[in-house]
Amino acid sequence: MKSLNDQTVVVAGATGNVGPFVVRALLERGASVAAPSRSGEKLGGLRKHLSEHVDESRLGRLHTFVGDIGDEGEAAVLRRRITEQVGTPDAVVASVGDYVAAPSLLDARTAELQRALDTATLAHFVIARTFLPSLRDSGGTYVFLQGPLAFELYPGLGGDLVSIATAAQHMLFHALAQQAAESRASVVELVGHMLIRDRQTQPTSPLSGEAVGAVVAHLIAGAGQEAHGQSIHLRSPEQLADLGVDAHGLNAIAADARMPAR
Ligand SMILES: NC(=O)c1ccc[n+]([C@@H]2O[C@H](COP(=O)([O-])OP(=O)(O)OC[C@H]3O[C@@H](n4cnc5c(N)ncnc54)[C@H](OP(=O)(O)O)[C@@H]3O)[C@@H](O)[C@H]2O)c1
């Protein structure tokens, strides 16, 4: 496994439910994180939230950028600014999402399906088109965050629009992984069977946000190269050991990261 100390990782969707756990795991392991968002206010909230979990020196490696990473023109500008101010991205985590709830599919409006598709397919497409080409030469890892709704309908959750849109996102992942197969880049999909709202792991969730963050960091630290093209379903904390994630070591890193900066 390579160290994340000199790695620049772009986390798209850093301000969301899952993104903060990913950013935190990466900062705790020494990476520099570039976090774009359409909202400066949300980025301020992210920094404040993280300040409760990681020490100042690690938080100093969080670089925030205001811009719409789902828009082709703005994403290109973000890539240039990130490269100039932080460094050429070594890895990318795409954790954008939008849970467009619709109690009944036949009563849903076209605009609602459009919104779900805008995020799950178009924004993901733009992010990959913007950042994946440079990983083909450097050999970096690109991680798609994904949910179980892409593979199964969950009646009663109002998630049908999300299922439709994220199923398309799953095929986008497959097609991009196939395209990247001849290159040095690794493209991996992590399907997390967790429930995270407002940056909090919900009591009924089988997986914690910390566990998801740890697996993402593990993939970026080198395990992603072995897993190119794989869709990894993460259902329980017991799987971390199977994937080679050292949970004890992770706890130690996390505890160390909370120590005041010297
Ligand atoms: N939350 C869960 O319990 C859960 C469970 C399993 C899997 N997942 C997966 O994890 C990923 C992230 O989920 P999440 O719940 O963290 O998502 P989220 O909080 O709903 O959204 C994450 C971020 O995505 C960005 N975003 C949304 N639509 C966008 C668009 N059209 N263009 C550009 N950026 C956009 C927003 O960033 P800005 O507004 O800051 O720009 C938002 O903060 C998704 O792939 C989801 O399927 C989540």
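This is a predicted model: local features need pLDDT of at least 70, side-chain atom pairs count only at pLDDT 80 or more; totals for chains, interfaces and linings use all residues.
Residues are numbered from 1 along each chain as its sequence is written. Local features need pLDDT of at least 70 and side-chain atom pairs count only at pLDDT 80 or more, while totals for chains, interfaces and linings use all residues.

Me: What distance does helix H4 reach from its first C-alpha to its last?
Reply: Helices (H or I, at least four residues) and strands (E, at least two) are DSSP runs, numbered from the N terminus. H4 takes in residues 72-85, 14 residues in all. The expected span is 1.5 Å times one less than the number of residues. For H4 that is 20 Å, and the helix comes close to it, reaching 20 Å.

Me: Why do the buried residues of H4 lie on the same side?
Reply: Ala75, Leu78, Arg79 and Ile82 are buried (20 or more other C-beta atoms, placed from the backbone, within 10 Å of the residue's own; exposed means 12 or fewer, partly exposed in between). The arc is taken from the directions from the helix axis to the C-beta atoms. They are on the same side of H4 because they cover an arc of only 105 degrees.

Me: Which exposed residues are on the face of H4 turned away from its buried side?
Reply: The buried side holds Ala75, Leu78, Arg79 and Ile82. The face turned away from it carries Gly73, Arg80, Glu84 and Gln85.

Me: Which element gives the most residues to the shell around the ligand?
Reply: The ligand is surrounded by 29 residues (C-beta atom, placed from the backbone, within 6 Å of it). Elements giving two or more are H5 and strand E5 (141-146). With three residues, the most is given by H5.
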